[in-house]
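Hello,

Here is the structure I promised to pass on. Please open it first, then read my notes below.

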Amino acid sequence: MNHIIELDNVSFRYTDEERQGRLVLDGVTLAIAQGSFVAVLGHNGSGKSTLAKHMNAILLPAGGSVYVDGISTADEERLLDIRRTVGMVFQNPDNQIVANVVEEDVAFAPENLGVPSEEIRRRVDATLKLVGMSKYAKHAPHRLSGGQKQRIAIAGVIAMHPRCIVLDEPTAMLDPIGREDVLRTITRLNREQGITVVLITHHMDEAARADRLVVMNRGKVIQDGPPREVFQQVEALKAVGLTVPETVELLYRLNQAGERLPLDALSVEECAKVIYQAYQA
Amino acid sequence: MEPILETRGLCCVYSQGTPFQHTALDHVDFQAYPGEYVGIIGHTGSGKSTLIQHLNGLLKPTDGQVLLHGKDIWESKASVRQAKFHVGLVFQYPEYQLFEETVYQDIAFGPKNMKLSTDEIDRRVRQAAGFVGLREDQLQKSPFELSGGQKRRVAIAGVIAMEPEVLILDEPTAGLDPAARDAILANIRDYQQSNNATIILVSHSMEEVARSVDRIVVVNDAVIPFSGTPREVFSHSDELRKMGLGIPQVTQVFQRLREMGMPIEDDCVYTMEDAVKALLELRKGGRA
Amino acid sequence: MLKDITLGQYFPGNTVVHRLDPRTKILLVLVYIIALFQAKSFVSYGILLVFLLVSVRLSKVGAKALLRGMKPVVVILIFTGILNLFYGTTGRELFHWGILTITTGGVKTAFFMIVRILMLISGTFLLTYTTSPILLTDGLENLLSPLKKVKVPVHELAMMMSIALRFIPTLIEETDKIMSAQKARGADFDSGNLLDKAKALVPLLVPLFVSAFRRADELATAMECRCYHGGEGRTRLRQLAYAGIDWAALAIGGAVLVAVCVLAYGFGW
């Protein structure tokens, strides 16, 4: 399989005083397949954000190596190639929007890459359409809602035409409507544009939408597989301070009370079906 | 019972007389009773933030009244100031307001402004720190050295130290992971029980509200369309969905089960415990 | 409310004035300011006033909006006016008390000084009202680009300016929020003497600075992730280009400057 990002036995520790010595990443080996949708789940301090920052050379590993499309992130000469291949979206949309006007912000990355003006114009229009923000092209970003701002931030990255986007808790500061808009946008980029998505989150229901779920704890990958399988490890997840979707939790508790239900229901519909079938029998 | 805090015909119009004029609250009657745990839900821009900032006198009503123990808080300059001490307000992302050199001093900021004695301030700071689970040795640290979750606790302790009769929290768990979220919700519950305080919790998470509160107040388009026990409110599932609010997943599962024809009598199951109980009883042959 | 501050705000529009190239507008304001400092008589001021009024009219920016922007400078205006009133010594004496003397010359100087400041501010406000901040910085960057040859970091300065403009509303909002949060803990920003008021600002300023630094840090990372690597090889979404209307506007501006200078130096007006 073609891997867009490969981490090989990566370890990392911060060198500043407060976090001295603690190993934030401890021998992480992970390969992200081109075109896949991977969610990385973990509690605050599990190392998931640090992991994300290794994926486009914001941080360089202390031990091991990271390859983006075959290029080592330690190769300074190829920094721009790495950054344009793997785009990064952060938690706070306010702190990643550079310009005063929405379309100018979306144009920022292509401008940096030296794309000709007419092509920038085409990319800006197409990208804004893709994230459903065309009608706000001339607006001032600070007047938009959190969800809209985050979609602009995503557009700003997509305009580079990256093959992969890494999103570090992009919905943490949003209300449910904004969250849903952002998730729908991300999913569409993955399904329709074939862009690889790495979604860092601690929301179980967001992680459930991915093809693959990686669970981090104390700088290590402790679970890795399709969400349906990972979420069945209810005890293992609870032991590291995580929960499971409410639907799985319900089935799990019924099992503890003596039922023997399959735990792989991620949606309301699936969960209702599982219970219905069990009670019909 | 008399409400401890209420609004009568509360109106708030922003930028009156300009093209940006906007009605944030339109004749809102809100009540909170002593010792009650109230949840306020509503999407961004519904008016809920404006409402809570009226409850402690941060914003002055365009029209209508805010009554604390039956008395208008805007009666005098002194009464508005007192209202801030009786009605504690923890803003969203409160960790961004920390400023003192030590955690201790930051928590003491509110009590100091109340002009309490040094001994009383010391007692309150230590007690508030205890409520939110801060260790003694953390009190002398700089708040900026702490982790995000710990900073949040310090900020909440800073309001709890004023020992308000009514404690309002705007999205206190936003951005926290499940373990930290549960811990903070438990801290709030502790404060309520030991001080018999009224808690007003503003949240986007239906699951969180369903689990914690006695009564839910829904705010939408500058008015309160309905309020009541979680059971009553979640039975308006269609309206809630139209407001972009949704209902807990468990409730959705049960609605679906009823549609499928399972004999579930309770038309609004909203907590995990009730859901498990209902299904187990059904298994035993009894009707849930 | 802090949100109501209008200083330097852009009013979107599609008038001739809005459509002028930002460089044209910056040059015109420059010409206008130079002319304003050459003007010595009613005639010269009259010419410039007509120039200003026509521009305001064409821009469709209401006189009200323009006047609202004056509010913060009223104190300075009054102060300058009074100072100049007593400063002038020429002409007939109108009033005398101790060392204070007011002469007709002083009245004239004070009057022209106030008019000059008012016109100066109106002119520059017209520029910021009709030009989006991003175009304004683009224009400045472009006009100043010859300075790059002598190692002036023109691109960096322009980038800093546009980011500052972008974050002004965000920081104002944040100030509002922190102020409310501290007020909720009993902070008092309004009463007490000057020292008390200064002290009361600590709970506001510390979090504001901490947050500004955090934002700066995150923004820098985000910019790097979007391949920002300085001005080298950078293209722009919008290419600046002078059109016929720009040349016409510049010609008029030049004519006004020449007229005022001729009046001032040729005729002593």
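**Two positive phi angles in chain B**

B:Glu163 sits in a loop of chain B, between helix H5 (148–160) and strand S7 (166–170). Please keep in mind throughout that this is a predicted model. B:Glu163 is not a glycine, yet its phi is positive, about 45°. The residue is partly exposed, with a relative accessible area of 26%.

B:Ala222 is another such case. Its phi is positive too, at about 70°, although B:Ala222 is not a glycine. Look for B:Ala222 in the loop between strand S9 (215–218) and strand S10 (227–228) of chain B. Here the relative accessible area is 6%, so B:Ala222 is buried.

**Where the chains meet**

Start with chains A and B. Contacts link 31 residues of chain A with 30 residues of chain B. Between them the two chains bury about 2,900 Å². Carbon and sulfur atoms account for 65% of that area. On the chain A side, the residues that lose the most area to chain B are A:Glu246, A:Val268 and A:Tyr279. Together they make up 21% of what that side buries.

Now chains C and A. Here 31 residues of chain C are in contact with 37 residues of chain A. The buried area is about 3,100 Å², with 52% of it on carbon and sulfur atoms.

**A helix pair in chain A**

Next, look at helix H10 (residues 246–256) and helix H11 (residues 268–280), both of chain A. They pack at an angle of about 25°, and their axes are 9 Å apart. Angles under 35 degrees count as roughly parallel, so H10(A) and H11(A) are roughly parallel to each other. H10(A) brings A:Thr247, A:Leu250, A:Leu251 and A:Leu254 to the contact. H11(A) brings A:Val268, A:Cys271, A:Val274, A:Ile275 and A:Tyr279. By class, that makes eight nonpolar residues, one polar and none charged.

Two of these names have already come up. A:Val268 and A:Tyr279 are in the helix contact, and both are among the residues of chain A that lose the most area to chain B.

**The nonpolar cores**

In soluble globular proteins, nonpolar side chains tend to be buried together. The largest nonpolar core in this model has 79 residues. Which of its residues touch the most other members? They are A:Ile154, A:Ile186, A:Phe231, A:Leu250, A:Ile275, B:Phe254 and B:Leu279. H11(A) gives the largest share of this core, seven residues.

B:Phe254 is worth a click. Setting aside neighbours within four places in sequence, B:Phe254 is in contact with A:Leu250, B:Ile264, B:Val269, B:Ala275, B:Ala278 and B:Leu279. A second, separate core has 52 residues, including B:Phe85, B:Ala108, B:Phe234 and B:Cys268.

**Four single residues**

A:Thr127 lies in helix H4 (residues 117–130) of chain A. Is A:Thr127 buried or exposed? It is buried, with a relative accessible area of 4%. Not counting residues up to four places away in sequence, A:Thr127 touches A:Val106, A:Ala155, A:Ile158 and A:Ala159.

A:Pro93 is in a loop of chain A, between strand S6 (86–89) and helix H3 (102–112). A:Pro93 is buried as well, with a relative accessible area of 5%. It touches A:Gly146, A:Lys149 and A:Gln150, again not counting residues up to four places away in sequence. A:Pro227 is 134 residues from A:Pro93 along the chain, and their C-alpha atoms are separated by 27 Å.

B:Arg126 belongs to helix H4 (residues 118–131) of chain B. B:Arg126 counts as partly exposed, at 34% relative accessibility. Leaving aside neighbours within four places in sequence, B:Arg126 is in contact with B:Tyr104, B:Glu136 and B:Leu139. B:Asp266 is 140 residues away along the chain, with 45 Å between the C-alpha atoms of B:Arg126 and B:Asp266.

At 33% relative accessibility, C:Val16 is partly exposed. C:Val16 and C:Leu77 are 61 residues apart in sequence, and 31 Å apart in space from C-alpha to C-alpha.

Best wishes

Methods. Residues are numbered from 1 along each chain as its sequence is written. Chains are lettered from A and ligands numbered from 1 in the order in which they are written. This is a predicted model: local features need pLDDT of at least 70, side-chain atom pairs count only at pLDDT 80 or more; totals for chains, interfaces and linings use all residues. Side-chain values use heavy atoms; hydrogens and water are left out. Axes are lines fitted to C-alpha atoms, for helices over the stretch in contact, and angles run from 0 to 180 degrees between N-to-C directions. Helices (H or I, at least four residues) and strands (E, at least two) are DSSP runs, numbered from the N terminus. Angles under 35 degrees count as roughly parallel, over 145 as roughly antiparallel, 65 to 115 as roughly perpendicular and the rest as oblique. Contact means heavy atoms within 4.5 Å. Ala, Val, Leu, Ile, Met, Phe, Trp, Tyr, Cys and Pro count as nonpolar, Asp, Glu, Lys and Arg as charged, and the others, Gly among them, as polar. A nonpolar core is a set of buried Ala, Val, Leu, Ile, Met, Phe, Trp, Tyr and Cys residues joined through side-chain atoms within 4.5 Å. Buried means under 20% relative accessible area, exposed over 50%, partly exposed in between (1.4 Å probe, protein chains only). Buried area is the accessible area (1.4 Å probe) that two parts lose on being put together, summed over both.
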